[in-house]
Amino acid sequence: MADQIRVLIVDDIPETRDHLTKLLGFETDIEVVGSASSGKEALDLAVKLSPDVVLMDINMPDMDGISATEQLAARAPGAAVVMMSVQGEADYLRRSMLAGAREFLVKPFSSDELTTSIRQVHIREREKLSRMAVVPVRSSTNGASPDNDREPGVIVAFFSPKGGVGRTTVAVNLAVAAATELGKSVVLMDGSFQFGDADLAPELEIGEPESIDTFVINHSSGIRVLLAPPSPEMAELVTTSGVKKVLEALRATNDLVIVDCTSWFNDTTLAILDMADVILTMLSLEITSIKNMRMFLEVADQLGYGPEKIRLVLNRADSTLGIRVADVEHSIGRKVDHTIVSDGRSVVYALNRGVPFFLSNREAQVSQDVLRLATAIVGEARVAPVAAAEGKVAAKKSLFAWR
């Protein structure tokens with residue numbers, strides 16, 4: 001069958017090769033085209049058989065799976081590798097993905113896990129190749145890409161030193177408002193990490209940001225989304241250089257890049273904040289939120305983030321909790337730039353339906369507040385970071401001490 005997925009099995013244990021062959025023999029859309037007992041044999045067979053997917057054991061005597069995977073990229077670039085190992089440590093996962101593996105299975109795994117991984121890897125690889133194939137066509141008459149002439153987009157980082165203040169909800173709805181009401185091309189990136197898929201991390205490390213579009217999902221609301229990973233351990237693959245490449249690539253093709261950051265500091269979050277043109281720092285009328293915001297502003301000053309880069313957003317500003325907006329401003333030592341009202345009914349209803357409240361109840365006051373925030377952000381000039389290198393080194397120590 002033309003649509004069958006051609007699989008090469010590589011494992012130094014004969015019983016394992018036989019078992020995997022029998023398991024896959026029950027699948028009508030998967031064909032085992034060969035098996036190899038070593039990394040070197042795998043390279044020769046991959047060139048000869050042109051498999052779509054290679055099931056690669058990580059520990060083999062003559063050439064381990066990681067070395068074989070690295071060489072496969074040059075000798076059989078059309079083959080996607082699914083790495084297999086009895087070790088599930090993060091270091092094995094990271095090394096495998098950086099070598100070019102597209103999936104990582106920890107032995108023993110079920111038949112469903114195996115077949116699902118093979119199918120998903122095959123689909124993603126086909127989509128990536130088809131997307132990359134059309135890139136050369138997107139050029140102007142003088143050979144330059146049309147995107148080279150566009151103004152780089154604005155990067156907006158949503159950050160809060162305390163969770164539970166509605167950061168993600170506001171980020172999503174602001175993205176929708178900017179796209180639907182202001183006509184901007186908007187991409188929303190989950191900075192909690194990592195990117196849309198584990199495939200993205202190794203590609204960024206070798207400098208292939210043009211394939212990022214393969215991992216971005218188009219949402220019916222009009223925005224594009226770069227999602228978080230299916231498994232938390234994948235965050236080990238993310239580096240600050242990878243984050244910067246992602247943001248540069250996204251801002252080159254979008255008017256607005258919105259990043260929903262985590263509520264704690266690490267190298268990757270700091271890289272996002274450094275690159276952001278505007279940091280929307282969110283807080284609420286709670287003592288802990290106000291205290292953490294005051295501490296964050298002190299750290300931001302050490303990092304060289306000027307007041308023009310940081311915008312304070314007070315969410316649920318009309319809540320009757322015994323704390324007034326004036327009290328907040330007095331405590332943190334600066335004015336609140338934007339306020340958003342509390343509207344539990346609209347927000348919870350939208351969350352339960354899985355629809356942004358800006359779409360489900362556009363006339364609500366909370367939606368209008370978000371639209372005003374989006375309009376203000378889009379209209380503001382981009383501000384370049386001005387922190388000195390030595391100041392950042394000293395500040396990082398403070399950042400990691402405060403969690």
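**Exercise 1. A helix on a sheet**

Find which strands helix α2 lies across, and at what angle it runs to β2.

*Solution.* Start with the helix itself: α2 lies across β1 and β2, and runs at about 140° to β2. A quick word on the labels: helices (H or I, at least four residues) and strands (E, at least two) are DSSP runs, numbered from the N terminus. The angles run from 0 to 180 degrees between N-to-C directions, and the axes are lines fitted to C-alpha atoms, for helices over the stretch in contact. Contact means heavy atoms within 4.5 Å.

Next, look at helix α3 (residues 65-75), which packs on the sheet and touches β3 and β4 (80-85). The direction of α3 makes about 155° with that of β3.

Before you go on, keep in mind that this is a predicted model, where local features need pLDDT of at least 70, side-chain atom pairs count only at pLDDT 80 or more, and totals for chains, interfaces and linings use all residues. Residues are numbered from 1 along each chain as its sequence is written, and side-chain values use heavy atoms, with hydrogens and water left out.

**Exercise 2. Ordering the strands**

Work out in what order the 5 strands of the open sheet come.

*Solution.* Go across the sheet strand by strand: the order is β2-β1-β3-β4-β5, with parallel pairing. (Two strands pair if DSSP finds at least two bridges between them.) Now check the ends: β2 (30-36) and β5 are the edge strands, and each pairs on one side only. From one strand to the next, the twist averages 25°.

Then zoom in on one pair. Strand β1 (residues 5-10) runs parallel to β3, and 4 bridges join them. Here Ile 9 stands opposite Leu 55 in β3.

**Exercise 3. A covered strand**

How many residues of β11 are buried, and which way do they point?

*Solution.* First, the count: 6 of the 6 residues in β11 are buried, and the strand is mostly covered. Buried means under 20% relative accessible area, exposed means over 50%, and partly exposed is in between (1.4 Å probe, protein chains only).

Second, the directions. Val 278, Leu 280 and Met 282 point one way from β11, while Ile 279, Thr 281 and Leu 283 point the other way.

Third, the neighbours. β6 and β11 pair in the parallel sense over 4 bridges, and 5 bridges join β11 to β12, again running parallel. Thr 281 is a handy landmark: Phe 159 stands opposite Thr 281 on one pairing, and Leu 312 in β12 stands opposite Thr 281 on another.

**Exercise 4. Checking a helix length**

Compare the reach of helix α14 (residues 365-379) with its expected span, and list its buried residues.

*Solution.* Count the residues: α14 has 15. The expected span of a helix is 1.5 Å times one less than its number of residues. For α14 that gives the expected 21 Å, and the helix reaches 21 Å from its first C-alpha to its last.

The buried residues of α14 are Val 366, Ser 367, Asp 369, Val 370, Leu 371, Leu 373, Ala 374 and Ile 377. Among the elements covering them are β6 (154-159), α6 (167-180), β11 (278-283) and β12.
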